Number of protein chains: 2
Amino acid sequence: MSVSPHSEHESAPAPTGPVNLERRQLMLGSAGLLATAGLVGFSPLARAQGAPLPDYVGWKNADALIMHSASTLETKRDAIGRGILTPSDQLFVRNNLPAPDSSIMNDTEGWEVQIEGVNNPRALSLAELKRIGVETVVSVLQCSGNGRAFFPHGASGTPWTVGAAGCVAWTGVPLREVVRELGGVVDGMNYLTGTGGETIPAGLDPKSVMVERSVPLAALEQAMLVWEMNDAPLPLAHGGPVRLVIPGYYGVNNVKYVRRLAFTAGQTDANIQASGYRVREVGVPGSPDQPSMWEMPVKSWVTSPLTSATAGRSLIYGVAFGGVHGLARVEVSVDGGNRWAEARFLGPDLGRFAWRPFVLATELAPGEYRLVSRATDDRGQVQPEERTDNERGYGHNGWKDHGVTVTVA
Amino acid sequence: MSVSPHSEHESAPAPTGPVNLERRQLMLGSAGLLATAGLVGFSPLARAQGAPLPDYVGWKNADALIMHSASTLETKRDAIGRGILTPSDQLFVRNNLPAPDSSIMNDTEGWEVQIEGVNNPRALSLAELKRIGVETVVSVLQCSGNGRAFFPHGASGTPWTVGAAGCVAWTGVPLREVVRELGGVVDGMNYLTGTGGETIPAGLDPKSVMVERSVPLAALEQAMLVWEMNDAPLPLAHGGPVRLVIPGYYGVNNVKYVRRLAFTAGQTDANIQASGYRVREVGVPGSPDQPSMWEMPVKSWVTSPLTSATAGRSLIYGVAFGGVHGLARVEVSVDGGNRWAEARFLGPDLGRFAWRPFVLATELAPGEYRLVSRATDDRGQVQPEERTDNERGYGHNGWKDHGVTVTVA
């Protein structure tokens, strides 16, 4: 396991139980390096449940969030609710580097994004982007490691359960319209590469920490440059002034404070792309030949009840989404997956990238129940029963681990 | 003009310019009555722009609101935005009586609604309602007097322009499912009558001030008993613990803190129904034979730009809704209605009762423009050009008055 504080841009897990001396020394060393680099607060040692929220997310609803670290806030499972959209103050936060200084929000209209790999490359300010076009798309934002806590091998990184996900209305300009204005993509380009506007701490190799991600050119179909979230200006904590949003793709590809967008022949060699966010077997290091965390598959989980319920008629709630595809249906089981009943979607359909709350009404006698849900996308792909074990605990959409045990009395 | 402080449950307008002595005395007399009745703060004399928000709406975003009085808060036109939903903290507020004491929110699950005019009448607690069924419906909430400020005759009541409206996701149980549980509606009933849980001030005839509204039985198709708004528990300011919501109907019919729902042969004789919210010619008193403010018609308005814009490509934004019907299209004119261009809807369609943000991209040379919008519902009903003058300034959906003059430089 790498001991870099930013290995794959995930926090290392907090030590639980006995920690051997060698590991402790490595971690202290890592904390020292972090302090030198101005990254205190990003150390796993700084993780503190119940501590006040950091300034850049001070406007969030602390009661709805689990603070894993200053850069990793998870929505509590019982706060996910039955909503068609996640309120911004309850949405999870996951930063790969500290957010830029809040002064970048002083002149949002002047924020520039350099567009390269098009026939007429240039920098466009937000004011200019706003005049090119506009669309509102609702999509699920989900961290690659959502569900990591369910991996038994102790995958390193934030131990998210279900709350590193939310459903957001994004308003911005479709990237394809920007590209059209700039003469189209240069021939031979295969990837869309976005670079974040974070400050690279002195003393570190930029490639080792910078947030620069490449996605296949096909993502141009739905990619957007976004300046509003849930009908309010995009806050710094979520990537304002301008964020690259690729509906249907895992969170890491949605580059915050985006300052450069390049159409490129190959993928970036930044660590976060080359070795980070790669799916491989446990114990294997990351490398560019392994699958990258791009498109999200179908997934669902129960949000209520979570621990107890009253006997009689009960309503079981949850959320489901198809990832890059639309959602076809969701089923619920109260006996751990032996028998299934189709649930009903709640509220309007906000499009193929959105999640849909669901509900199943059922009669429950006193006893203990294992509630699980299983969604199917519009291509017929069904959530698998089991997780696929992998080194970093990515992409968990197995329905079994996401179940809850509820006592009905 | 009536001088009752609650005449038709609308605030009287604040005096502007010279006020004759007789009128001033009447108003002071009215203020005195209000003080006696514990209704201070509901007097027009208490209206104060820029004053702090009252406690029951202290969680609202004051920057987005115009405070006409303690009971009447309007969303600023430039805060309406391009959103598919109105954030709760920006939604307008209009109370016909002071909100009940906040202690009613201490045991929301225990709040009871008495259901009458069904074959098995009984009181149902919120906890019981939640087990009957659930749905999420998005609908426009709009005050009957939205647009009143545009009436030239000085219609009494709050001078709303466009911001006594918003689009909200309501979660609750469809009333028809509750009725089914209780054996169906008794034969011969023609109306659904809801009664609010406000405290009737001592010394006043309850019928003169109580919030009790009747709507045609046909509204049972879409009526709901609601406990969540925009995926959060319904706040007191918007009628929590439980509100009657009738999608497509004007705000006044959506009875807050509902404590009784009765299927009745006739309409209630409470003033708010019998003489209030009745459409009649200027100078005519209200009476039960006049049209009641029930179903909303098609309407739209521009939200941006409102005063100035930069020459060149411009995006003109607004919102449109079909009221009780779905929306077919919306057109925009930049020359006060001589030539029209069809605008594009922005974001997903949230159902027939929801509003839809729209946008039109156009090239504007320097000069002065009159921007207007005109929506058409799915029955082919088009917004009229002119308002229909009426005593209380109700139901204004004429497109001409809702235009804005913009200087392009």
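## A buried glycine in chain B

Gly239(B) is buried, since 23 other C-beta atoms lie within 10 Å and the threshold for a buried residue is 20 or more. This assignment belongs to a predicted model. The residue is located in the loop that joins strand E11 (232-233) to strand E12 (243-245) of chain B.

Leaving aside residues up to four places away in sequence, Gly239(B) is in contact with Leu234(B), Lys256(B) and Tyr257(B). Trp227(B) is twelve residues from Gly239(B) in sequence, and the C-alpha to C-alpha separation of this pair is 8.8 Å.

## Contact between the chains

Chain A contributes 25 residues to the contact and chain B contributes 26. On the side of chain B that touches chain A, at least two residues come from each of strand E6 (135-142), strand E7 (165-174), strand E16 (312-321) and strand E20 (356-364). The composition of that side of chain B is 13 nonpolar, eight polar and five charged residues.

Of the interface residues of chain B, 96% are also interface residues in chain A, so the copies meet through the same surface.

## Relation of the two copies

Note on methods:
Residues numbered from 1 in each chain as written. Chains lettered and ligands numbered in written order. Predicted model: local features only at pLDDT ≥ 70, side-chain atom pairs only at ≥ 80, totals over all residues. Contact = placed C-beta atoms within 7 Å. Helix = DSSP H or I, 4+ residues; strand = E, 2+ residues; numbered from the N terminus. Nonpolar A, V, L, I, M, F, W, Y, C, P; charged D, E, K, R; others polar. Buried ≥ 20, exposed ≤ 12 C-beta atoms within 10 Å, placed from the backbone.
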